[in-house]
Amino acid sequence: MAEEFGTVVIGAGLAGGTVVESLRDAGYTAQIALVGADPAAPYYRPDLSKKVMIEGSDPADSALRGEDWYPAHDVSTFFGTSVPSIDREAQTVALDDGRELSYGQVILATGAVPRTFDVPGAQLGNIHTLRDAGDAVAIRSQFGDGKKVAVIGGGWIGLEVAAAAKSHGCDVTVVLHTDAPPFSSVLGQELGEYFEDLHRKNGVNFLKNADTTAFTGGSAVEAVETSAGSVPADLVVIGIGADPAIDLASSAGLSTENGVIVDEQMRTSDGNVLAIGDIANAQNTLLGERLRVEHWDNSVRQAEVAASTISGGTKSYDWQPYFYTDQFDLGMEYVGHGAPEDDVVIRGDKSSGEFIVFWHRDGTVTAAMNVNVWDYGDELRALIGKAVTADRLADEQVPVGEL
């Protein structure tokens, strides 16, 4: 006999944890089930590459809510439990322990799966991806003076790990498969070079045009073999991106393409099934196009939209993408949806480490980034989509709020 629930949330990450809380905040009174493969209650994942790796904090300190919050709010939790299938006709969810949960609505928040390498030696010890608290603790435990750390990939996770490892005295090499600077596919050449220079000045090495071909060692990794040479390594962190975890959605017959297709209110092709967070390829009403964004801000906001949808509200996906990073002494926030080929306008002096960047296309601001300059978030967000000349954007005599 299936246990009966009004809403079953599959995925107990930031998105899943937030949607449960948002449902209760919205006055939703039906029974809720929160199912997650991670044995821990939902926690704030951005802390993994920041507080956990740099400060050595306990991942439990990053929990969204204490474990007693869930029973106190009539939320049945199934942590450390995976979902092999959904029967949409019967409206039931199968758990890996044989139990079944019936639902009025189900919310998919299954996140993304880090990519790995299918090369010789991939099974050796001390080769990691970073996705959950266990990964962060395992990686952090290998840091130390003189430890050789190879980071494969130049994305946000990869360079945040590189910065954390370097802060603990490790000898860090970032392996890139092209000659392009990190982040250039998002920020463009100039800003990509700025981040690469930041890492080089802090002692991080880069090996470019290097395809990873194998890992070598005894029981644990000792080197990364690449097309550009061998990189000694006591620890390897693979940061080459992630793919949306859509197998469950696909097997349930939902529409998928670069994620799970959802409308502006997070509904899938089945009106009783919603999808949020990393897996949601959602219709953005502000930009008039579909976006799939892998970032905590998007997960939180989409969770609030899904809760509104189920509770009879009117919230929709109507905001600009946002993300941030902290690396060495650099903190930055980015808002908008620019393209690497957009014109770049710098407000301030990059060499000072404190400046604002605008991406500009056909006279219109497409994105903005503040670097070690704070309290401008709302003003920068308000400029996206506005027609402002490049000269005016760069003119520090014109207050940001008056642009």
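This is a predicted model: local features need pLDDT of at least 70, side-chain atom pairs count only at pLDDT 80 or more; totals for chains, interfaces and linings use all residues.
**Figure 1. Span and end of helix α1 (residues 14–25)****.** At 1.5 Å a residue, the twelve residues of α1 should span 16 Å, and the 16 Å between its end C-alpha atoms agrees with this. Gly27 follows α1 and has a positive phi, near 90 degrees.

**Figure 2. Aromatic pairs, with Tyr70 and Phe79 as one case****.** The whole structure contains 16 aromatic pairs. The ring centres of Tyr70 and Phe79 are 6.1 Å apart and the ring planes lie at 85 degrees, so this pair is edge-to-face. Tyr70 is buried, with a relative accessible area of 2%, whereas Phe79 counts as partly exposed at 22% relative accessibility. Elsewhere, ring pairs link Trp156, Phe183, Tyr194, Phe195, Phe323, Tyr334, Phe355 and Trp359 into a cluster.

**Figure 3. The second largest pocket****.** This pocket has a volume of about 220 Å³. Its lining includes Tyr194, Asp197, Leu198 and Lys201, and also Asp329, Lys350, Gly353 and Asn372. Helix α7 (residues 189–201) supplies the largest share of the lining, four residues. By residue type, the lining divides into three nonpolar, five polar and four charged residues. Tyr194, one of the lining residues, also belongs to the aromatic cluster.

Technical notes
Residues are numbered from 1 along each chain as its sequence is written. Side-chain values use heavy atoms; hydrogens and water are left out. On a 1 Å grid over the protein atoms alone, a cavity is a set of points where a 1.4 Å probe fits but cannot get out, and a pocket is an open set with protein on both sides within 12 Å along at least five of seven lines; lining residues have an atom within 4 Å of a point. Grid points are joined across faces, edges and corners, and a volume is the space filled by probe spheres set on the points. Helices (H or I, at least four residues) and strands (E, at least two) are DSSP runs, numbered from the N terminus. Ala, Val, Leu, Ile, Met, Phe, Trp, Tyr, Cys and Pro count as nonpolar, Asp, Glu, Lys and Arg as charged, and the others, Gly among them, as polar. The expected span of a helix is 1.5 Å times one less than its number of residues. Rings of Phe, Tyr and Trp (its six-membered ring) pair if their centres lie within 6.5 Å; planes under 30 degrees apart count as stacked, over 60 as edge-to-face and the rest as tilted. Buried means under 20% relative accessible area, exposed over 50%, partly exposed in between (1.4 Å probe, protein chains only).
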